[in-house]
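Colleague: I have not looked at this one before. Can you walk me through it?

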Amino acid sequence: MNPKFPSSTQGSIEHSMRIEGITEPTILNYFETLNASKFDETAALFAVDGTLKAPFESPIVGQEAIAAYLHQEAQGMSLAPTQGIIEPQDDAFKVQVAGKVQTSWCGVNVSWIFLLNQQREILAATVKLLASPQELLNMQRPQS
């Protein structure tokens, strides 16, 4: 069964974010709100029991926990997604996006994998660093 996204009431909203292959408003909003440091709005894109799987972290579950994590860890990050694809799944959609994340101390290529439900809520977002083990060792945070 290949589900279809319901028609969006957000279809007329203009997005500043452009990702080749991606027009899904939830995904565009995810990157726009993160880049604007609107972490509560980012967390609200997740289902009530949605999960964020960030590198080197245990899964963060629930909108409140995701918002708290983003407020603590995502300050000053600049996400630059470049391209992506949407794959229909049974009763959900898998969205894969590639790009780069820049922090005050490093830049790294990243892959984001989202699972969206029929209501366009993020059930799961997984962030994967696309770096060699040596590159990861070289990316230690500067000591304060």
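Modeller: A definition before the strands: two strands pair if DSSP finds at least two bridges between them. Keep in mind too that this is a predicted model.

Colleague: How many bridges join strand 3 to strand 4?

Modeller: There are 11 bridges between strand 3, residues 78-89, and strand 4, residues 92-102. The two strands run antiparallel. Within that pairing, Pro81 stands opposite Gly99 in strand 4.

Colleague: And how many residues lie between the strands in that hairpin?

Modeller: Two residues lie between strand 3 and strand 4 in the hairpin. Asp91 takes a positive phi there, near 60 degrees.

Colleague: Which way does strand 4 run relative to strand 5, parallel or antiparallel?

Modeller: Antiparallel, with 10 bridges joining strand 4 to strand 5, residues 107-116. Gln96 stands opposite Ile113 in strand 5. These two strands also form a hairpin, with four residues between them.

Colleague: Let me step back. What elements does the chain have, and in what order?

Modeller: The chain has four helices and six strands. From the N terminus on, the order is α-α-β-β-α-β-β-β-β-α.

Colleague: How many residues does the chain have, and what share count as buried?

Modeller: The chain has 144 residues, and 41% of them count as buried. The chain exposes about 8400 Å², with carbon and sulfur atoms supplying 50% of that area.

Colleague: Which residues have the most contacts inside the largest nonpolar core?

Modeller: Ile27, Tyr30, Phe31, Leu52, Val97, Trp112 and Phe114 do, in a core of 33 residues. Among the elements that give two or more residues to this core are helix 1 (25-35), helix 2 (39-44), strand 1 (46-53) and strand 6 (122-129). Helix 3 (63-73), strand 4 and strand 5 are also on that list.

Colleague: Take Tyr30. What is it in contact with, leaving aside neighbours within four places in sequence?

Modeller: Tyr30 is in contact with Thr42, Leu45, Phe46, Leu52, Trp112, Phe114, Ile122 and Val127.

Colleague: Several of those are aromatic names. How many aromatic pairs does the structure hold?

Modeller: It holds five aromatic pairs. One of them is Phe31 with Trp112, an edge-to-face pair at 4.8 Å centre to centre, with 85 degrees between the planes. That pair links distant parts of the chain: Phe31 is in helix 1 and Trp112 is in strand 5, 81 residues apart.

Colleague: Are Phe31 and Trp112 buried or exposed?

Modeller: Both Phe31 and Trp112 are buried. Ring pairs also link Tyr30, Phe31, Phe46, Trp112 and Phe114 into a cluster.

Colleague: Now helix 3. Which of its residues are buried?

Modeller: The buried residues of helix 3 are Ile66, Ala67, Tyr69 and Leu70. They cover an arc of only 165 degrees around the axis, so they are on the same side of helix 3.

Colleague: What do they pack against, and what does the face turned away carry?

Modeller: The buried residues of helix 3 pack against helix 1, helix 2, strand 1 and strand 2 (60-61). The face of helix 3 turned away from the buried side carries the exposed residues Glu64 and Gln72.

Notes
Residues are numbered from 1 along each chain as its sequence is written. This is a predicted model: local features need pLDDT of at least 70, side-chain atom pairs count only at pLDDT 80 or more; totals for chains, interfaces and linings use all residues. Side-chain values use heavy atoms; hydrogens and water are left out. Buried means under 20% relative accessible area, exposed over 50%, partly exposed in between (1.4 Å probe, protein chains only). Accessible areas come from the Shrake-Rupley method with a 1.4 Å probe; for residues, only the protein chains shown count as cover. A nonpolar core is a set of buried Ala, Val, Leu, Ile, Met, Phe, Trp, Tyr and Cys residues joined through side-chain atoms within 4.5 Å. Contact means heavy atoms within 4.5 Å. Rings of Phe, Tyr and Trp (its six-membered ring) pair if their centres lie within 6.5 Å; planes under 30 degrees apart count as stacked, over 60 as edge-to-face and the rest as tilted. The arc is that of the directions from the helix axis to the C-beta atoms.
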